[in-house]
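Hi everyone, thanks for coming.

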Amino acid sequence: MNEQSPTIALPAPKVDVPEGYRADSKGRLVPEKSIRPVELLEDQMVRKIIGYALELSAQISRFRGHVYDDCNSYLTLAAESYGVTKRGARGRGNVTFTSFDGLMKVQLAVADRMAFGPELQVARDLFDACISDWSEGAREELRALVDSAFEADKEGQVSRDAVFRLLRMTFDDARWQEGQRAIHDSIRVIGSKSYCRFYARDTPDAPWQSITIDLAAA
């Protein structure tokens with residue numbers, strides 16, 4: 001379950017840079033005295049920030065590794081001591097560890113990464129046939145739902161949630177049911193990713209507050 005991100009280092013210059021020169025983006029040597037001071041200041045600032053970012057990234061990667069190591073060590077100890085394992089430790093579900101006072105918890109989760117195969121297009125054709133034959137009143141709303149489910153983004157991916165919404169809709173038409181079966185058949189599990197999440201609260205009755213490590217959400 002232990003997954004660590006690859007370590008990234010500051011990129012090395014494309015060429016050996018003698019003193020008093022800087023390499024530009026094309027690898028050409030440029031005398032520092034010919035570079036505008038504002039550009040040198042920008043270069044200095046970026047290198048400083050990236051240096052801190054790489055150091056922090058490595059620290060988070062090590063922390064993530066320690067989290068999984070500690071949790072797995074606990075699960076092994078629990079299995080040896082009591083002959084039981086916390087639910088999810090050996091399977092695909094979540095496993096949660098909580099402090100004795102109920103104010104802190106750690107969650108480990110495994111999420112499948114999915115893709116849809118060519119059967120998805122078959123499903124759309126079947127849904128389109130249903131909508132074309134059904135009453136005029138039902139046509140507009142269903143058409144919008146189907147179109148949103150099969151609309152691809154810039155990377156060519158469709159919304160998994162939107163597609164799954166169609167699976168929750170029940171109609172007697174055999175073509176609609178065949179379309180839903182085609183969606184099920186189209187699902188491909190192409191991998192999985194482990195997540196660790198951290199929560200704390202002031203009192204046992206208070207709602208959990210997420211401990212943010214994501215820079216964008218901090």
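I'll go through the salt bridges, then turn to a pair of helices.

A quick word on the ground rules: this is a predicted model, where local features need pLDDT of at least 70, side-chain atom pairs count only at pLDDT 80 or more, and totals for chains, interfaces and linings use all residues. Residues are numbered from 1 along each chain as its sequence is written, and side-chain values use heavy atoms, with hydrogens and water left out.

So, how many salt bridges does a search of the whole structure find? The answer is 13, where a salt bridge means a side-chain nitrogen of Lys or Arg within 4 Å of a carboxyl oxygen of Asp or Glu. As background, side chains of opposite charge can pair when their charged atoms come close.

Let me start with Asp128 and Arg143, whose side chains form a salt bridge at 2.7 Å, N to O. Asp128 sits in helix α2 (residues 119–133) and Arg143 in helix α3 (residues 136–150), so this pair ties together parts 15 residues apart in sequence. Helices here are DSSP runs of H or I with at least four residues, numbered from the N terminus. Asp128 is buried at 19% relative accessibility, while Arg143 is partly exposed at 26%. For those words, buried is under 20% relative accessible area, exposed is over 50%, and partly exposed is in between, with a 1.4 Å probe and protein chains only.

Next come Asp173 and Arg175, paired at 2.8 Å, N to O. Asp173 is buried at 18%, and Arg175 is partly exposed at 27%.

There is also a network of salt bridges linking Arg22, Glu32, Asp43 and Arg47.

Now for the helices. How do α2 and helix α5 (residues 174–186) pack? Their angle is about 165°, with the axes 8 Å apart; axes are lines fitted to C-alpha atoms over the stretch in contact, and angles run from 0 to 180 degrees between N-to-C directions. The two are therefore roughly antiparallel, a term for angles over 145 degrees.

Who makes the contact, taken as heavy atoms within 4.5 Å? On the α2 side the residues include Leu120, Leu126 and Phe127, and on the α5 side they include Trp176, Ile183 and our friend Arg175. The contact residues divide into 10 nonpolar, 3 polar and 5 charged. Here Ala, Val, Leu, Ile, Met, Phe, Trp, Tyr, Cys and Pro count as nonpolar, Asp, Glu, Lys and Arg as charged, and the others, Gly among them, as polar.

Key
Angles under 35 degrees count as roughly parallel, over 145 as roughly antiparallel, 65 to 115 as roughly perpendicular and the rest as oblique. Contact means heavy atoms within 4.5 Å.
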